[in-house]
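This briefing walks through a ligand site, a pair of helices and some backbone features. Please keep the sequence and the structure open while reading.

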Amino acid sequence: MNRLPGLAAGIKDKLIQQALERKLRQACAPGAQAPARPAEKKAEVPEEHYRFHLHPGYQQLRIINDGAKRLGVKNPFFTLHDGAAGSGTTIGGRAFINYASYNYLDMSGDPVVAEAAKAAIDRYGTSVSASRLVSGERPVHRELEMEIASLYGADDAITFVSGHATNVSTIGYLFGPRDLVLHDELIHNSVLQGIQLSGASRLPFPHNDWEALHAILNEQRHKFERVLIVLEGIYSMDGDYPDLPRFVDIKQRHRAFLMVDEAHSLGVMGARGYGIREHFGLDGKDVDIWMGTLSKTLAGCGGYIAGETALVEHLKFLAPGFLYSVGMPPSVAAASLAALLRMKQLPDRVATLQARGKYFLEQARAAGIDTGTSTGLAVVPAITGSSLKATRMSAALFQQGINVQPILYPAVPEKSARLRFFISCTHTEEQIRTTIQSLSSVKQA
Ligand code: PMP
């Protein structure tokens with residue numbers, strides 16, 4: 001703040017001092033008046049602008065909840081589980097077949113994974129208490145990141161404490177108002193939030209439609225500096241996946257960046273569970289930003305970005321969600337590292353997951369259930385066509401000992417409301433048959 005440019009510091013200080021003394025003398029002189037307070041302007045502020053219970057979002061929530069209560073529909077959210085949840089769970093002391101967890105390879109609850117987390121607590125405590133940049137990291141952070149990088153043949157990787165924050169912070173930081181982000185219309189909310197934060201222009205393209213993307217780029221590419229294309233490895237609402245080689249070709253032709261969110265494809269696609277890259281036999285460098293979460297296959301909590309050094313180093317020093325946020329608790333990093341190493345040692349779990357998903361899909365289709373575009377890779381929807389029907393069917397299945405979550409408007413369009421089944425490698429064929437029978441019976445009811 002240099003208001004007197006050109007003056008030597010000593011002279012400047014003296015002038016300021018003299019001015020302050022003059023002001024003080026005037027203020028203390030007999031008869032000096034107290035400075036007038038600015039007159040209070042009383043604006044008419046409507047109550048909804050300063051009361052939370054009148055917030056439009058909360059009002060809408062109340063209407064939905066009151067309506068559900070009047071219709072006698074049980075609230076399907078915030079179910080209280082008694083223990084670890086995989087293909088089975090216990091709720092209120094009762095055993096359920098469970099399809100509401102992303103515990104794809106049954107690593108959450110795995111004794112080896114749990115032991116690694118406990119050992120990390122004993123050694124490092126329960127928190128690193130501040131950002132890794134300033135307060136340091138533990139060996140387990142870097143070991144996890146190097147293992148993740150090796151999955152993609154990437155130079156390096158960085159882990160964030162939340163998967164959602166990984167997308168928000170990475171996209172929000174790397175892109176700006178002169179840039180364009182193109183994304184599949186079914187992309188996860190965290191990507192949309194990141195784009196909003198970045199200030200970049202945003203254009204969705206129809207689901208998995210690489211030709212539509214190509215057409216948009218033909219028209220739009222020249223208007224922007226950087227262009228990012230964002231896809232998911234497996235779409236979490238539908239259980240289908242993009243034809244990735246086509247998208248790689250398009251991104252190369254238009255000199256754009258390509259980002260793939262592997263939240264639901266890591267551990268699920270490819271013979272070893274290495275994800276969509278392995279499924280298509282692509283080079284890790286074909287995709288610029290590999291993103292994934294630690295909360296599903298990797299039995300922890302957080303997200304990662306893997307890619308070239310210039311990307312990872314940049315994010316490590318400057319992405320706000322990493323720089324200004326605490327490092328991952330060592331126990332969480334240790335759990336995810338152990339889960340990743342175990343996935344590499346136990347490809348049978350991946351094969352079983354793929355087989356059970358395929359079995360579920362075949363059985364459901366044979367029973368006339370609308371499974372949309374699902375490929376049977378870990379996620380299989382049963383489209384009900386209305387939120388009320390989905391909620392009622394979920395409640396009826398719960399009565400029969402099956403826990404499956406309804407997905408309602410506005411998470412999906414009302415006519416696409418559904419039950420969403422997440423398959424785990426420990427679901428048995430018998431459990432799947434029982435489930436499809438129950439699903440058929442509640443569909444008729
Ligand atoms: N990306 C996708 C595709 C997701 O489905 C999710 C959440 N399930 C996230 C990102 C956010 O990850 P997290 O829940 O680990 O914050």
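A residue is counted as near a molecule if one of its heavy atoms lies within 4 Å of it. On that basis 14 residues surround the ligand, and the closest are His164, Asp261, His264, Ser295 and Lys296. The model is a predicted one, and the points below are grouped by topic.

**Ligand site**

- By class, the shell around the ligand is made up of nine polar residues, three charged residues and two nonpolar residues.
- On the backbone side, a polar atom of His164 is 2.8 Å from an oxygen atom of the ligand, and a polar backbone atom of Gly163 is 3.2 Å from an oxygen atom of the ligand.
- Lys296 contributes through its side chain, of which a polar atom lies 3.0 Å from a nitrogen atom of the ligand.
- On its own the ligand has 390 Å² of accessible area, and the protein covers 85% of this area.

**Helices H13 and H14**

- Helix H13 spans residues 330-345 and helix H14 spans residues 347-366, and their axes come within 5 Å while crossing at roughly 80 degrees.
- Angles from 65 to 115 degrees count as roughly perpendicular, and H13 and H14 are therefore roughly perpendicular to each other.
- From H13 the contact is made by Arg342, Met343, Lys344 and Gln345, while H14 supplies Pro347, Arg349 and Val350.
- The residues of this contact between H13 and H14 divide into three charged, three nonpolar and one polar.

**Backbone features in loops**

- Tyr409 and Pro410 are joined by a cis peptide bond, for which omega is about 10 degrees.
- Pro410 itself is placed in the loop that runs between strand E12 (405-407) and strand E13 (418-422).
- Asp106, a residue other than glycine, has a positive phi value, near 60 degrees.
- The loop that holds Asp106 lies between strand E2 (94-98) and helix H3 (111-124).

Key
Residues are numbered from 1 along each chain as its sequence is written. This is a predicted model: local features need pLDDT of at least 70, side-chain atom pairs count only at pLDDT 80 or more; totals for chains, interfaces and linings use all residues. Side-chain values use heavy atoms; hydrogens and water are left out. Axes are lines fitted to C-alpha atoms, for helices over the stretch in contact, and angles run from 0 to 180 degrees between N-to-C directions. Helices (H or I, at least four residues) and strands (E, at least two) are DSSP runs, numbered from the N terminus. Angles under 35 degrees count as roughly parallel, over 145 as roughly antiparallel, 65 to 115 as roughly perpendicular and the rest as oblique. Contact means heavy atoms within 4.5 Å. Ala, Val, Leu, Ile, Met, Phe, Trp, Tyr, Cys and Pro count as nonpolar, Asp, Glu, Lys and Arg as charged, and the others, Gly among them, as polar. A polar contact is a pair of N or O atoms within 3.5 Å; within protein, one must be able to donate a hydrogen and the other to accept it, and residues adjacent in sequence count only if both atoms are side-chain atoms. Accessible areas come from the Shrake-Rupley method with a 1.4 Å probe; for residues, only the protein chains shown count as cover.
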